[in-house]
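Q: I have a structure open and would like to go through it step by step. Could you help me read it?

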Amino acid sequence: PISSMLPLYLPAILLLLLTPPTSSAPLADSLLDAAQLGDLERVRRLVTDADAPDVNVRDTSARTPLIFAAEYGDPAIVQELVAAGADLDSQDMYGWSALHWATDTEHTAAAHELLQRGASVNIADSDGWSALHWAAYRGFLPLVRELVAGGAEVGQRTRMDRSTARSYTAWDLASMYGHREVAAFLHNSTHQYDRRISPLVLPFN
């Protein structure tokens, strides 16, 4: 009877049930890992593989290999991924692009490479902050210079801050947080945009 034969086939049935289907997921995870770890050779190998994963694969926070490469700061990996078709302006769940990540982690060379490749310099995150806003807030003068040279709109404003009911320019942020050199540079760059710099309003009292 069939019931008496089940024990013979049970191991094979369990093996089939427990074996995951073949897919490109491991390769995709490898590309994310390689970019995050700054492994240029591994990235290069993966993007040229016959079964190359999607270069714009995302993790659970919507971060792509290019975002990880920008955060790591290696312009060579950025170049490799862009050449393979990476979306320069892909944004994660917080609206951060690769340029935001390169800026916030103070990787000027990676930011330069992204701008040279055509990344949108004025792209804003979910709070309306561009890379220039973050560079000014952090006090990263070399990055501020790089972004302005790349066409950043100095007068671009953030979205309205809920606690102050104000929006801010990069100059506002640099001034508020004591980055005098950055504020001076931005003040002297006002000819590059048409909007008037807003008056300084502190987000606290």
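Q: To begin, which residues of H4 are buried?
A: Please note that this is a predicted model. The buried residues of helix H4 are Pro65, Leu66, Ile67, Phe68, Ala69 and Ala70.

Q: And what does that say about where H4 (residues 65–72) sits?
A: Six of its eight residues are buried, so helix H4 is largely enclosed by the rest of the structure.

Q: Let us take one of them. Is alanine 69 buried or exposed?
A: Alanine 69, which lies in helix H4, has a relative accessibility of 0% and therefore counts as buried. The cut-off for buried is under 20% relative accessible area.

Q: Which residues is alanine 69 in contact with, leaving aside its neighbours within four places in sequence?
A: Alanine 69 is in contact with Ala35, Asp74, Ile77, Val78 and Leu81.

Q: How far is alanine 69 from tryptophan 101?
A: Their C-alpha atoms are separated by 9.1 Å, while the two residues are 32 residues apart along the chain.

Q: Let us step back to the whole chain. How many helices and strands are there?
A: The chain has 11 helices and zero strands. Read along the sequence, the pattern is α-α-α-α-α-α-α-α-α-α-α.

Q: What percentage of the residues in the chain is buried?
A: Of the 205 residues in the chain, 45% are buried.

Q: And what share of the contacts joins residues 24 or more positions apart?
A: Among the contacts with a separation of 6 or more, 67% are between residues 24 or more positions apart.

Q: Now for a pair of helices. At what angle do H3 and H5 cross?
A: The axes of helix H3 (residues 40–47) and helix H5 (residues 75–83) cross at roughly 5 degrees, and they come within 10 Å. Angles under 35 degrees count as roughly parallel, and H3 and H5 are therefore roughly parallel to each other.

Q: Which residues make that contact?
A: From H3 they are Leu40, Val43, Arg44 and Val47, and from H5 they are Ala76, Ile77, Glu80 and Leu81. Six of the residues in this contact are nonpolar, none is polar and two are charged.

Q: What about H9: which of its residues are buried?
A: In helix H9 (residues 141–149), the buried residues are Leu141, Leu143, Val144, Glu146, Leu147 and Val148.

Q: Which helices do those buried residues pack against?
A: The buried residues of H9 pack against helix H6 (98–104), helix H7 (108–116), helix H8 (131–138) and helix H11 (180–188). Glycine 151 follows H9, and its phi is positive, near 100 degrees.

Q: Staying with H8, is histidine 133 buried or exposed?
A: Histidine 133 lies in helix H8. Its relative accessible area is 1%, so histidine 133 is buried.

Q: What does histidine 133 touch, not counting residues up to four places away in sequence?
A: Histidine 133 touches Gly128, Gln156, Arg157, Thr158, Tyr168, Thr169, Ala170 and Leu173.

Q: One last topic. How much space lies in the largest pocket?
A: The largest pocket holds about 240 Å³ of space. It is lined by 14 residues, and those closest to its centre are Asp127, Trp129, Arg159, Met160 and Asp161.

Q: How does the lining of the largest pocket divide into nonpolar, polar and charged residues?
A: Eight residues of the lining are nonpolar, two are polar and four are charged.

Terms used. Residues are numbered from 1 along each chain as its sequence is written. This is a predicted model: local features need pLDDT of at least 70, side-chain atom pairs count only at pLDDT 80 or more; totals for chains, interfaces and linings use all residues. Side-chain values use heavy atoms; hydrogens and water are left out. Axes are lines fitted to C-alpha atoms, for helices over the stretch in contact, and angles run from 0 to 180 degrees between N-to-C directions. Helices (H or I, at least four residues) and strands (E, at least two) are DSSP runs, numbered from the N terminus. Angles under 35 degrees count as roughly parallel, over 145 as roughly antiparallel, 65 to 115 as roughly perpendicular and the rest as oblique. Contact means heavy atoms within 4.5 Å. Ala, Val, Leu, Ile, Met, Phe, Trp, Tyr, Cys and Pro count as nonpolar, Asp, Glu, Lys and Arg as charged, and the others, Gly among them, as polar. On a 1 Å grid over the protein atoms alone, a cavity is a set of points where a 1.4 Å probe fits but cannot get out, and a pocket is an open set with protein on both sides within 12 Å along at least five of seven lines; lining residues have an atom within 4 Å of a point. Grid points are joined across faces, edges and corners, and a volume is the space filled by probe spheres set on the points. Buried means under 20% relative accessible area, exposed over 50%, partly exposed in between (1.4 Å probe, protein chains only).
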